Amino acid sequence: IASERAVKMFEEYQKSGGEDQVNFARIIDTYASLLRDERRFEESVAASNRSLTIRRQLALTSPARWEPEYAISLGAHGIRLRDIGRYAEAKKFIEDGLVLQRRLARLKPERFGATFVDALRMGALLLADVGDYSPAALLIAEAHEVTLTVSDHRRHRDAGTFGLLDSISK
């Protein structure tokens, strides 16, 4: 069973002293994902909440380093809440994650744009699930715009790289 693998990971973590909160949060999140895969949704939400608490604390202590992971975790937790029908809570977590990811994508579109597009699409699916079709359509339109922006950044980066290579090879 998949969740047994996560338990073994956790046991190894504990044997090593268990001081590393980053790895602990990742192990718990992996466990939450495996529980979700096994359709053990309530347990998945509980594990996800624990991981989210740790990641929130990490993001508060070192935002530049941990805020991206925290933003993704907010969305993942929202999806898990959706799985058990807690749509209002799910929407709040996904919206909070989108706020952070939107800011990160504006600062560094090439690094965070693709993740933000995925989050926008998941947000749109959640909104559609609860019948909020107009806001869902707005998120899809924003995802399209971000995709174009990221593609444009990559095109400029690649043109600059190839131009540099051309000048070196001459």
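In this predicted model, the side chains of Arg82 and Asp129 pair up in a salt bridge at 3.7 Å, N to O. Arg82 sits in helix α4 and Asp129 in helix α6, so the bridge ties together parts that are 47 residues apart in sequence. Arg82 is buried, with a relative accessible area of 17%, whereas Asp129 is partly exposed at 47%.

The count of salt bridges comes to 13. Here are some that link helices:

| Pair | N to O distance | Helices |
|---|---|---|
| Arg82 and Asp129 | 3.7 Å | α4 and α6 |
| Arg103 and Glu67 | 2.1 Å | α5 and α4 |
| Arg102 and Glu142 | 2.7 Å | α5 and α7 |

Arg103 and Glu67 are 36 residues apart; Arg103 is partly exposed at 37% relative accessibility, while Glu67 is buried at 14%. Arg102 and Glu142 lie 40 residues apart, and both are buried. Salt bridges with shared partners also join Arg26, Asp29, Arg55, Glu69 and Arg80 into one network.

What about the nonpolar side? The largest nonpolar core holds 40 residues, and Leu98 and Leu120 touch the most other members. Helices α2, α3, α4, α5, α6 and α7 each supply at least two of its residues, with the largest share, 8 residues, coming from α6. Setting aside neighbours within four places in sequence, Leu120 is in contact with Leu98, Arg102, Leu139, Glu142, Ala143 and Val146, a list that includes both partners of the Arg102 and Glu142 salt bridge.

Zooming out, the protein has 7 helices and 0 strands. Of its 170 residues, 38% count as buried. The accessible surface is about 10,100 Å², with 56% belonging to carbon and sulfur atoms.

Key
Residues are numbered from 1 along each chain as its sequence is written. This is a predicted model: local features need pLDDT of at least 70, side-chain atom pairs count only at pLDDT 80 or more; totals for chains, interfaces and linings use all residues. Side-chain values use heavy atoms; hydrogens and water are left out. A nonpolar core is a set of buried Ala, Val, Leu, Ile, Met, Phe, Trp, Tyr and Cys residues joined through side-chain atoms within 4.5 Å. Buried means under 20% relative accessible area, exposed over 50%, partly exposed in between (1.4 Å probe, protein chains only). Helices (H or I, at least four residues) and strands (E, at least two) are DSSP runs, numbered from the N terminus. Contact means heavy atoms within 4.5 Å. Accessible areas come from the Shrake-Rupley method with a 1.4 Å probe; for residues, only the protein chains shown count as cover. A salt bridge is a side-chain nitrogen of Lys or Arg within 4 Å of a carboxyl oxygen of Asp or Glu.
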